[in-house]
Amino acid sequence: MLQPILFAIVTITAFVFAGRQFMKIRQNILLGKDEELEGDSSQRWRNVLLIAFGQKKMFKRFVPAIFHLFIYVAFLFTQVELIEILVDGFTGSHRFFAASLGSFYTFLISFIEILSLLAFVATFVFLARRNLLKVPRFQNPEMKGWPFLDGNIILYLEILLLIGVFSMNGADKVLQGMGAAHYRPTGAFAVSSWLGPALFGGLGESTLIGIERFGWWLHILVVYGFLNYLPKSKHLHILLAFPNTYFAKLNPKGQMSNMPKIQKEVASMMDESAAMDDSGGEEEELFFGANDVTRLGWTNLLNAYTCTECGRCTSVCPANITGKKLSPRKIMMDVRDRAEEVGNNIATGSPDFISEEKRGDGLVLSKENYADGKSLFDYISREEIHACTTCNACVEACPVLINPLDIILQLRRYEILMESAGPSDWLALFNSLENSQAAWAVSEARDAWTAGI
Amino acid sequence: MAELAAEDRQPEVLFWVGCAGSFDDRAQRVTVAFTKLLQKAGVDFAILGQEESCTGDPARRAGNEFLFQMLAQQNIAVLNMYKVKKIVTACPHCFNTLKNEYPVLGGDYEVVHHTQFLKSLLAEGRLKIEGGQFKGKKITYHDSCYLGRANGVYEAPRSVLAALDADLVEMKRCRTTGLCCGAGGAQMWKEDEPGDKRINTERTEEALATGAEIIAVNCPFCLTMMSDGVKLKEQQESVMVYDLAELILNGQ
Ligand code: SF4
Ligand code: SF4
């Protein structure tokens, strides 16, 4: 009776804590502005199926893709096993589905065991790639410290999980062989039928039960630990990859978003009658581009929380390859860090974070009136955004359809439109565009080349 | 275009020349080459001449939306006034802006890049390649970001090159993974940010490593960047950088 009670307490606590953290992430993502969804949803579902479920983009790099697939598929199927663990845990039963599913159960667990074995191998390959082979994309400056550790922690957890699975199943198999009570025969499991006897053969019944219970608890505790660790980690992608691929822009990559307010403004400058239509319009806030997470779109923030920090984007970025400071992965990590900071500050409810102009009686701190004297530019330097060639290599490379370029361009828009700043070289460009409608100030006529025909 | 309009005639296609094609010495030669091809193929085309303005691509990508909107709306007014239906351009930046960014502003046209247009002229037999000057020559093709990744056009230029009967060698980074030449995003108009190397040097090294004698490009900015890279590597005697239109014209 003791185990089910303990299990219920642990389970509820784990879910409550995790639930709170996930709610917070939801709130942080919604710090971003509303965005309109364009395009048809069937294409969006296709993206979810092919790119998130089907891992299509991962397969541009075969070696990591295949090992990642092992872990991914093992993860998906282990969920089936988890259902049984939950049922057993709450009711005190043992392998609840074994009797009713019969040989299908044997097949299922065997299948999961084979996947787990492959995942075990993959885990070591990944640890080696990060720590021994030192694959360059895991070594950039933004990966120092926590991000590097984060990458490893998850792999350690994976190993613990697999130790749990195999000691649980292995000891069970030996117990079944001894005819121990409660350990009903389940048929031969693909891995633990030989691994179990090899490791635990000859041990006494009570020791074996101890090992079996240890494995069972280790398994579920690692799962709960993982659940609570996810929100702080790059591993959030295992959940967010799905919505993120759904909400990814469907437009051609070269298309920049339109700014209707400026469009209207310019239209009315060029044509007086257009200005008339707009008379009596309400006071709209004149704010262009983005300097903070509350000015980005919410899908930009969803992107940031989905980022796996894999560095595929950075490894193909022409600016980064040639030694510039820009790293599209760092852009994503910075946006997430800033969203965390703003989210945490807003959660305090302290009126100190209400912007000075807006302070007033009874005003509650919210994303609309938030100000802490900082901005995204405290994380992302000008030098970084100025180095971008808008080549879309990062967008193309991302396995989960994240778009770092979109954020860079919004920061540039802020810089030019709100601060009239930006690289001084561009002044000549702007002047010539404004005065002669050409990208270079030349005295020649536009059709002078026709003389050469 | 104004002359045709005066006669109330509609050309088959409007040739959008773009700033580089109009003013850059090297790119002007591409403009001339493409024009000659259009004439050879008997295409009835027009240009806007003085009425053409920059599409606004560099302004928009630098972040200057006001300037972009001014240029774009002005261009759309002109294009709509002439009831333009189809546009061909030799610049992938103009191509992208006209094709993807003008429609929401009221400028809806069928826009093709000159490599796509050349492909259809060749397919229809309006242009023919003779002589086989390029037979056995090693050519490598550099994907521009704005034709390639931005708009997914990878095969049209390659099929045009295939018509030359040359020996096409790919760089390791090609098609979706093609490396930028370094000019996009208004980089053309500014100094590089501090780093170890220029982007065009990196890309040119890759192109030279294929052993190709000709680097084929589809963009006036790539043309500048790759030519500069070849000069920096002091290979200008043995390796030439050409736009596809120039190659096709030479193959006539
Ligand atoms: S779009 Fe900008 S950030 Fe992305 S890869 Fe190209 S240069 Fe780098
Ligand atoms: S943005 Fe995409 S490619 Fe870049 S690190 Fe994040 S997940 Fe990887």
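**Figure 1. A:Phe377 and its burial in the predicted model.** A:Phe377 has a relative accessible area of 14% and is therefore buried, a term that stands for under 20% relative accessible area, with exposed meaning over 50% and partly exposed in between, for a 1.4 Å probe and protein chains only. This is a predicted model, in which local features need pLDDT of at least 70 and side-chain atom pairs count only at pLDDT 80 or more, while totals for chains, interfaces and linings use all residues. Residues are numbered from 1 along each chain as its sequence is written, chains are lettered from A and ligands numbered from 1 in the order in which they are written, and side-chain values use heavy atoms, with hydrogens and water left out.

**Figure 2. The ring pair of A:Phe377 and A:Tyr414.** Over all chains the structure holds 26 aromatic pairs, where rings of Phe, Tyr and Trp (its six-membered ring) pair if their centres lie within 6.5 Å, and planes under 30 degrees apart count as stacked, over 60 as edge-to-face and the rest as tilted. The pair of A:Phe377 and A:Tyr414 is tilted, because the ring centres are 5.9 Å apart and the planes stand at 35°. Distant parts of the chain are linked in this way, since A:Phe377 lies in the loop between α15 (328-348) and α16 (382-386) of chain A and A:Tyr414 in helix α18 (residues 404-419) of chain A, 37 residues apart; helices (H or I, at least four residues) and strands (E, at least two) are DSSP runs, numbered from the N terminus. A:Tyr414 is also buried, with a relative accessible area of 13%.

Figure 3. The charged end of A:Arg382 sits over the ring of A:Phe377, 3.8 Å from its centre, and that of A:Arg130 sits over the ring of A:Phe138, 4.1 Å from its centre; the criterion is NZ of Lys or CZ of Arg within 6 Å of the ring centre and within 35 degrees of the ring normal. Elsewhere, A:Phe7, A:Phe90, A:Trp216 and A:Trp217 are joined into a cluster by ring pairs.

**Figure 4. The surroundings of ligand 2.** Among the residues that surround ligand 2 are A:Cys307, A:Cys310, A:Cys313, A:Cys398, A:Arg312 and A:Arg329, each with a heavy atom within 4 Å of the ligand. Both α13 (312-316) and α15 of chain A supply at least two residues each to this shell.
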